[in-house]
Amino acid sequence: QFPTSIRCRCCAMKLALACSVLTAPAAGSVSLYVVNKQGNQVRRCPLDSTDACVLVAGRSDASSGTAHDAVNKPEGVAVEADGTVVVADTVNHRILRCPKDNPAGCAPLQSVTGVVGSGMDQLNQPFGIALTRDGEYVIADQRNHRVQICKDTADPCVTLMGTGISGSGATQLNSPYDVAVGPDAAIYISDIMNNRVLKCTGRDSSTCSVDATFNNFFPNFMLLDNGTPGSFYVSGTTGVQKCPGGGGACTSFAGGGSGDNSIAGPRGLAFSADQTQVYVADVTYHRVLACDVAGTAGSNCARVLGSSATAAGNSGRDLNGPVGIALTAGYTCTRPTTPGYVINASTEYLSPDFLPTGFRVDGITCADGYSANGTPEATICASEGPYTLSGCVPFVCTRPTNDAYNFSAAVEDLAKPTFSVTGVTCSQGYHLATGTTEPTITSCDSAGPYTVAGCELTVCVRPTLDSVDFSGVDEDLNAASFKADGLTCAAGYTGTPAAAACDAHEGAYTVTGCAPITCTRPATVGFDFSVVIETSLEVPSFEVTGVTCMDGYATAETGVTVMPCTAAGEYTVEGCTEISCSRPSTPGYNFTGATENLLAHSFEVTRVTCAPHYAAAGEITATVCSEAGEYTLAGCAAIECTRPTDVAGYDFADAAEVLTAPDFAVTGLSCSPGYAGTPAATVCDAAGPYALSGCSIVTCSRPDNAEYDFGAVVETSLTAPDFDVTGVTCADAFSAPTGVTVEPCATDGPYAVAGCVANAAACTRPTTTGYDFSDAAEELTILSFAVTGVKCASSYVGTPAAAACAADQEAYTVTGCEPLVCTRPTAAEFNFNDAAEVSLAVPTFEVTGVSCAEGYSGNPTVQPCQSSGEPYYITGCEETTTTTTTTGTTTASTTPPTPESLVY
């Protein structure tokens, strides 16, 4: 719950702590006090363990009562520095003070009688309660519509705000719910039914003003955030809001989500020990949630106490209608005896609890002879014992921070009375001022650094060097911070220049690392240096001649070029290109495993073999290229296949053969009669016949047909080429009107038998288009089949004939009728250029697009022919005639044709 060190910025429940340093409390000390309103209990629940909650007020059986060991629907809670729990015992109209973890020891506040009423020693359902540093109790006296300030003495309480009558006037309240006390002693009031929060800076209503307003939010419990002075968190009907105070708009902090972020009944609020979370009591779902301060409303909360099923409970870590809550650490610090500090006891609060009387030490000052090293402050104890003081040190001088001086050999006594410093010298880059022999040291007058003087900055000048290029230099000539970046070696020199500061004021700094560039002869392959003349190998005066190309290298058109080196090393030669052959693309050769040296002057190729479908005709040889290009191969020739002599079962009638192995292909090959399969030809591996596969002799087997009798069958041969089977007859109750036929199988399987039909088998009438059965006389029994009187249907011609079916209830067959088919007429008066003759068969006749020829007019009509092979009929185009009269030219049409004049 606690980080190692926390600055207590906003450790407030009802009133914030003063700003002192907090450290981790003892293990098991952080607890949350929770008022179980429906369980009539107040329980202390550890937050740094999963131990069960401990009863601190009320009865274990959750019963209510008026005795001091009982409470009745309590609301608010606060914890005093010694662990005493203060409870607003609402329905008993009193305030109880209970020793830590001792519910039997509870006693009422002396200034309140516990009898309901509106007198100064009476309350009417107190709700919220807060503590002041002066030991006072600030009480929200809800049903009396006032806020009372009471003490644990016989003295009567006093009224801070409210008239006893509900209202919204300047001095009135309407059912005040909670109170809180700020570090500046200001008192905040949640005026629930007036939807507002008031802030009172003094002890009477004239000092109270509206600090925040709400719209049907009905604020109840509050939590001050003293990390942002004046701001606070407040629970209400729709969740928890954070308000800036001073009348500023409040924003949603928690609630409005689902699951743990759906807060049905937000009530009491408390900060976590590390101030990163706000605990929220949810009275409806019987739980306490921890909501991240830095999170987003609707997604920043998670349950820390209460049943996961949101069920009420009065044991373990379950809750029953939780309302008010308060956080405590549970131990007290003591004052240390550290010398050098002055502490004002009136501003010393030694409880580390996060409560109004929690740990705070203000006004710490340094004692005589000590000075503040930062801000004097107190650090909370980690467990019962003295807190820690820091920030005051004995009044001594300190060493100055001055780059001009070297303190590495200094001998220092920095206490003021015996101050002495020797051994200080000038730092590198600094020198003693003229007329001085050592730096001057002066003691400090108050806590702080002593004074040193006498060392001055050394300044260098740029040197004059032919070997260095200063054009791009970035210089700082002060010796203490000296730099000379961007130096390069001048032309004709090489190296990495390095600059060093001068040793004396106004002396030249030094540069080293640049030396003249000297080239050396290269060992470049392909160049002949046997007659070279190297007149000068230094770059500024470089001169080399007489370099030529070696044998096996070609000289460039521009000749051999020699260039000086740019850095110490070989000079460069160019212009000789080694002749390199490339692998040929000649077909028929296999280079897998081949070794090739393609450089012309050392050319060698071995282990080349003939590719598949090629054969060696002697030794395979490789010949070097005479210029850049492919080398030459010889010795491999394509294999020529021949047709095999044993071709039984294969039909070459439609075969096409390409017999050269690389392009080998045989197409159009089929199996001979009596053979079946998918014929294939495989290329030869060496000169000779290629291989055939795929066709095999067809072997038939006897069929299993119940209509036939195989008792006298003679199966002379069942192989298809010489198939011979006789003696098959019809079984009992079957006959063969036209005899039994036996046919060989096309592929391996039963041979075919046909002709036997059941003696009672009969055909059915077919529905073949083009035939008219209206006058048909039919004997449909297959054995006595006879059909007469069938005619060709309209638009069909021919001589119909009927044949019996092969099996029972199959349709018999009719043949001989064909549809009438017309031809195009040849008539001069019609234009067929755009004609579309979709169908010339009379049953589906369709011709469109015929128009009148030039010299004719009208609307052509097309009709089908009457006999097959005749032209179809066209009418509707009349010849246009012109006659001359005395009044002009007249155009007339010929007489319309009669049906007898149809053109075809």
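Disulfides in a predicted model

Q: Which residue does a disulfide join to Cys243?
A: In this predicted model, the sulfur atoms of the pair stand 2.1 Å apart. This falls within the 2.5 Å that defines a disulfide. The partner of Cys243 is Cys250.

Q: Is the link of Cys243 and Cys250 right-handed or left-handed?
A: Both Cys243 and Cys250 are buried. The angle about their S-S bond is 110 degrees. The link of Cys243 and Cys250 is right-handed.

Q: How many residues apart in sequence are the parts that Cys397 and Cys444 tie together?
A: Cys397 and Cys444 form a disulfide with a sulfur separation of 1.8 Å, and the link is left-handed, at -90 degrees about the S-S bond. Cys397 belongs to strand β35 (residues 397-398), whereas Cys444 sits in the loop between β41 (440-442) and β42 (448-449). The pair therefore ties together parts whose separation in sequence is 47 residues.

Q: Where does Cys756 lie?
A: A disulfide joins Cys756 to Cys730, with 1.9 Å from S to S. Cys730 lies in strand β81 (residues 729-730), and the pair ties together parts 26 residues apart in sequence. Cys756 lies in the loop between β85 (752-754) and β86 (757-758).

Q: How many disulfides does a search of the whole structure find?
A: The disulfides include Cys243 to Cys250 and Cys730 to Cys756. A search of the whole structure gives a total of 23.

Terms used. Residues are numbered from 1 along each chain as its sequence is written. This is a predicted model: local features need pLDDT of at least 70, side-chain atom pairs count only at pLDDT 80 or more; totals for chains, interfaces and linings use all residues. Side-chain values use heavy atoms; hydrogens and water are left out. Buried means under 20% relative accessible area, exposed over 50%, partly exposed in between (1.4 Å probe, protein chains only). Helices (H or I, at least four residues) and strands (E, at least two) are DSSP runs, numbered from the N terminus.
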